[in-house]
Amino acid sequence: MSGLLSYVPGVNLILGAGSRTPAIRLPHVEVHHIETNPDKRARSLKHLLKANHANYSILYHNLQFDNHNPHILSSAYLLGATDAQLHDIYDKQIAELEPWVPSPAEVCEDDWQELRGDKRYQRAYVDFFEDQLAMQFSYQWKPEMEHYMFMGNEPLINCLIGGPFAIAKIIHLVGHPLIHLGYAYEIDCKEVAMEALALASVQYNFMHKYLDDKSYTRPAPFTSGSPLQLLIKLSTDDRFKSLKNPSLGDLEDIFTSYEGPILEYWNAWVIDDPLKQFELSQEAAVALLVATVRPGTHAFNFFLVHLLTTSHAVRILLPFFPDKYHMSLVRQWWLLVLAVFIIQGRPQPDPDNVDKDLKGKTWKYVEDKALNSAWSTDAHYVKAIRAMKEASRTWGDVHEQYLSSAVTFVDNFNGWTF
């Protein structure tokens, strides 16, 4: 019961947390002000992000795929990519992107919330938020972000996990608005920030209700402070055995049929020591990507990697957001984890799948693999490496568990499984 109460406002005072609002106290990551940095690499990143923003839509391929250019360009830059490497990545990415197309109508202050979830309005949302940036916020994107992210009884911040987009019965509910927003803050880029607001708007979906409606936060019959332990328990829960070949395309139906047990696990995560529980959540995100893959199979899962990259985005955003929204960020990430984990067949992580013998390999070796391997233009590969490195920096890596996971990943990666 204490796990549930620990993130109900006010009750944590009774539990001795000492603060009316649970918060995760993390230092800011280094912010790279690319707009004003005279370094050539920074200028190249700035120009490429502006070109991407002006020329290519944030959604493409029948509004089913996300434009990952800001993600991989920023990740590669932060890992030390040269300006030539950044241009090569950009050229590879734009080969499949599509130009902007007009929306059915403009978005305005009166209807921007009503139109949320309609992908056809992606251009109109970008135009709306950019107009507001100029006319109402004096080109200061962070005050605008806070205004539109936090306003109303159903604030945008409560649905940053994105989707759902069905592709061959597979749905892309993989947190791209959250990821996009994290990069906007980390590189201080207004173009990426406007795209993030637009993405959050057009990918708004049914899952917001679990954060907006407090009745879904209820006592669970079991609790744990470890997300990984809850996932291990979930992997053997017979109540989900009747799910045959589930796909993310059936996600809303799955939530309708299995809402009770899903919410049990959602509410079971004890968050009475927020900083420690968030650290454990990052460990779980890495384990889901790396420790679920048996040696020699190279079966790194495309959807599980998003649980790591969204966790990284949460880590970036927490120091920037008011305390009262910290639990919203962390709990919607946990809801995304449960959804993807169930749909992907509830794979159980095994620490023995991670090679502990580093053979002298360091983060320099991993970074080289990110920037110079055959996969250096794969956005999710590069983002995963960056996320693991930042987790290592955030928590320290005394036992080199993050480094071991990263080395295991780069040494065995041979493309994604779906």
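This report looks at three residues, Pro-70, Leu-63 and Arg-346, in a predicted model.

## Pro-70: tucked into a helix

Let's start with Pro-70, which sits in helix 3, the stretch covering residues 69-78. Its relative accessible area is 1%. Buried means under 20%, so Pro-70 counts as buried.

What does Pro-70 touch, once residues up to four places away in sequence are left out? The list is Leu-49, Asn-52, His-180, Tyr-183, Val-192 and Glu-195. There is also a distance to check on your screen: Leu-45 is 25 residues from Pro-70 in sequence, and their C-alpha atoms are 9.1 Å apart in space.

## Leu-63: a positive phi in a loop

Next up is Leu-63. You'll find it in the loop that joins strand 1 (59-60) and strand 2 (65-66). Leu-63 is not a glycine, yet its phi is positive, at about 65°.

## Arg-346: another positive phi

Now jump along to Arg-346. Where is it? Look in the loop between helix 14 (326-343) and helix 15 (363-372). Arg-346 has a positive phi too, near 55°, and this residue is something other than glycine.

Arg-346 is in a loop, but it still counts as buried, because its relative accessibility is 15% and the buried class takes in values under 20%.

Technical notes. Residues are numbered from 1 along each chain as its sequence is written. This is a predicted model: local features need pLDDT of at least 70, side-chain atom pairs count only at pLDDT 80 or more; totals for chains, interfaces and linings use all residues. Side-chain values use heavy atoms; hydrogens and water are left out. Helices (H or I, at least four residues) and strands (E, at least two) are DSSP runs, numbered from the N terminus. Buried means under 20% relative accessible area, exposed over 50%, partly exposed in between (1.4 Å probe, protein chains only). Contact means heavy atoms within 4.5 Å.
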